[in-house]
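Morning, everyone. Please look at the model on the screen while I talk.

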Amino acid sequence: MSRRLHNWSYDNVTDFLKESGFTFYREVGGSHEAWIQYGKDEVPDRIIGMHFTRSSYSVGTMKRMIHASGIDEDEWVEWGSS
């Protein structure tokens, strides 16, 4: 499993996003896709762009996804540690 922001796989990230209310939105091109979280009245609240990879994401990529999600980094780390 992940350690802080290291070793997060595509499956780890998508599992966390699903548990946080995000759903797959659409393929954006190549191996990239968009995940969306709806707010009140089913209005899109946040969209995260990510790419599918078989390796783990770099810390910089994780920080960009965390920022785009609007979810505190500590929640990501806590989920990844469990």
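Start with T23, which stands opposite I36 in strand β2. On the β3 side, I36 has I47 as its bridge partner. This is a predicted model: local features need pLDDT of at least 70, side-chain atom pairs need 80 or more, and totals for chains, interfaces and linings use all residues. Residues count from 1 along each chain as its sequence is written, and side-chain values use heavy atoms, without hydrogens or water.

Now the strands. Strands are DSSP runs of E, at least two residues; helices are runs of H or I, at least four; both are numbered from the N terminus. Strands pair if DSSP finds at least two bridges between them. β1 and β2 run antiparallel, joined by six bridges. β2 and β3 are antiparallel too, over seven bridges.

Is β2 mostly covered or mostly open? Mostly covered: five of its seven residues, 32–38, are buried. Buried means under 20% relative accessible area, exposed over 50%, partly exposed in between, with a 1.4 Å probe and protein chains only.

Next, the largest nonpolar core. A nonpolar core is a set of buried Ala, Val, Leu, Ile, Met, Phe, Trp, Tyr and Cys residues joined through side-chain atoms within 4.5 Å. The largest one has 18 residues, and V13, L17, M50, M62 and W76 have the most contacts inside it. Helix α1 gives the most, four residues. Take M50: leaving out residues up to four places away in sequence, its contacts (heavy atoms within 4.5 Å) include V13, L17 and W35.

Last, Y25. Y25 sits in β1, residues 22–29. Its relative accessibility is 40%, so Y25 counts as partly exposed.
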